[in-house]
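Let's take a walk through a protein together.

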Amino acid sequence: MSVHNRITAYIHMGAIAQNLRVIKENLRVGTKIMAVIKTDGYGHGAVPIARMLEPDEDIWGYAVAAVSEARELRNAGLKKPILVLGYTFAEDYSWMARHGVRPTVFTSQMAREFACEASAQIPGGFTSGKTPVHLAVDTGMSRIGVPDTPEGLDEALSIAQMDGLQIEGVFTHFARADEKEKSSARSQMERFAGFCDSLNEHGVTGFMRHCSNSAGILELPNANMDMVRAGIILYGIYPSDEMDRERNHLYPVMELKSHIVCLKRIPAGTPVSYGGTFVSEKEMEIATIPTGYGDGYPRSLSNRGNVLIRGKRARILGRVCMDQFMADVTGFHAELLDEVTLLGKNGEEEITVDELGAVSGRFPYEFVCDIGKRVPRVYID
């Protein structure tokens with residue numbers, strides 16, 4: 001692969017290993033980790049990351065958001081369990097049951113439909129002869145899940161009693177664990193623990209409890225139960241700017257690089273890019289960089305963002321186009337094909353995903369997830 005791609009996402013696998021160490025340092029011995037690799041590993045590449053994690057005994061399996069993502073992992077030869085965190089459709093149940101892909105269930109109807117399809121399949125690898133599912137409990141997210149109410153408990157017990165199904169896991173999801181004030185998250189944790197206790201009292205036992213997301217892993221040790229779901233912190237990104245960054249140092253995994261493909265001097269009074277939203281006030285040297293919102297680089301960085309060239313910040317001039325944008329390199333002594341850092345380090349300077357999110361108005365999770373498919377990923381061991 002040429003080093004002169006229009007734009008390249010460099011994925012540092014060693015940084016993932018470092019972040020995994022940080023995660024493990026926050027867990028009790030025996031707590032399993034579910035690696036959340038939905039949305040193509042938050043834009044980093046689900047299959048290469050899963051292949052790296054597969055041999056780790058502490059990794060129980062993987063969490064995805066859609067059956068299509070589970071298919072991609074199975075087609076790539078990944079063997080560990082997969083949980084689909086979102087809703088799954090009946091037409092996928094037969095394939096899921098055959099391939100050890102766990103659905104999230106939260107109504108007796110969907111559980112019954114899954115049990116019916118699963119009964120027609122060979123439950124290969126499941127010594128109990130039952131097909132595993134995970135039960136979602138809504139303790140305050142108001143998204144999916146049985147409510148933690150008497151009615152919700154009745155629904156959960158109905159699911160637990162169905163022939164051919166095993167409730168392998170019960171989970172909830174924090175809505176505000178990434179805030180400095182943890183009272184809301186602690187309330188959810190207590191509600192979840194109470195619901196699990198109620199299941200036990202009615203004879204439903206042997207399931208894994210998991211409620212910690214990335215923020216919970218780092219700052220709610222009592223929520224790190226039988227298993228945790230490690231998502232954004234695996235990629236070196238903090239869940240929010242309210243997290244304690246001194247206690248847990250994460251290592252950024254993704255860098256974005258491009259190159260200068262055109263240099264020109266423009267006189268004072270020259271408009272730059274669509275709409276002429278920037279007009280030079282003096283003679284300037286500008287560089288064209290072959291990256292744009294078609295690659296997932298936000299148009300909202302127009303006239304606001306910076307890139308790094310020769311260890312210095314170069315301001316974006318005018319609107320970011322679909323495939324290109326311009327930057328001010330006056331006084332840089334820049335040359336054609338000089339490397340341009342869009343995300344990451346260049347010399348002593350660094351552009352972080354938090355900075356890009358703040359300037360562009362995008363959430364840091366959103367920024368990395370939106371880096372497009374036409375951006376090649378290069379994996380650095």
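What you're looking at is a predicted model, where local features need pLDDT of at least 70, side-chain atom pairs count only at pLDDT 80 or more, and totals for chains, interfaces and linings use all residues. Residues are numbered from 1 along each chain as its sequence is written, and side-chain values use heavy atoms, with hydrogens and water left out.

Now for the overall picture. We'll call a residue buried if its relative accessible area is under 20%, exposed if it is over 50%, and partly exposed in between (1.4 Å probe, protein chains only). By that rule, 54% of the 381 residues of the protein chain are buried. The accessible surface of the chain (Shrake-Rupley method with a 1.4 Å probe; for residues, only the protein chains shown count as cover) comes to about 16,700 Å², and 49% of it belongs to carbon and sulfur atoms. Next come contacts, meaning heavy atoms within 4.5 Å. Take the contacts between residues at least 6 apart in sequence: 66% of them join residues at least 24 apart.

Let's go inside. A nonpolar core is a set of buried Ala, Val, Leu, Ile, Met, Phe, Trp, Tyr and Cys residues joined through side-chain atoms within 4.5 Å. The largest one here has 118 residues, and those with the most contacts inside it are Ile37, Tyr62, Leu73, Leu135, Leu199 and Val307.

Val261, Leu336 and Leu337 make a nonpolar surface patch of about 270 Å². Patches are made of residues with over 30% relative accessible area and no salt bridge; like charges are joined within 9 Å, and nonpolar side chains (Val, Leu, Ile, Met, Phe, Trp, Tyr) within 5 Å. You'll find Leu336 in the loop between strand 18 (325-328) and strand 19 (339-346), and Leu336 counts as exposed because its relative accessibility is 53%.

On to the charged pairs. A salt bridge is a side-chain nitrogen of Lys or Arg within 4 Å of a carboxyl oxygen of Asp or Glu, and the whole structure has 22 of them. One joins Lys373 and Asp40 (3.3 Å, N to O). Lys373 sits in the loop between helix 11 (364-369) and strand 21 (377-380) and Asp40 in helix 2 (residues 38-42), so this pair ties together parts that are 333 residues apart in sequence. At 71% relative accessibility, Lys373 is exposed.

Another salt bridge links Arg102 and Glu168 (2.8 Å, N to O). Since Arg102 is in strand 5 (residues 101-105) and Glu168 in strand 8 (residues 165-171), the pair ties together parts 66 residues apart in sequence. Buried or exposed: which is Arg102? Arg102 is buried, at 6% relative accessibility, and Glu168 is buried as well, at 13%.

What about the cysteines? A disulfide is a covalent bond between the sulfur atoms of two cysteines. The cut-off for counting one is a pair of cysteine sulfur atoms within 2.5 Å, and the structure holds zero disulfides. For Cys196, the closest cysteine sulfur is in Cys211, 8.2 Å away, which is too far for a bond. Cys196 is buried, at 1% relative accessibility, while Cys116 is exposed, at 53%.

Thr39, found in helix 2, has a phi near 50°, a positive value in a residue other than glycine. Arg310 isn't a glycine either, and has a positive phi of about 55°. Arg310 is in the loop between strand 16 (306-309) and strand 17, and is partly exposed, at 41%.

Conventions:
Helix = DSSP H or I, 4+ residues; strand = E, 2+ residues; numbered from the N terminus.
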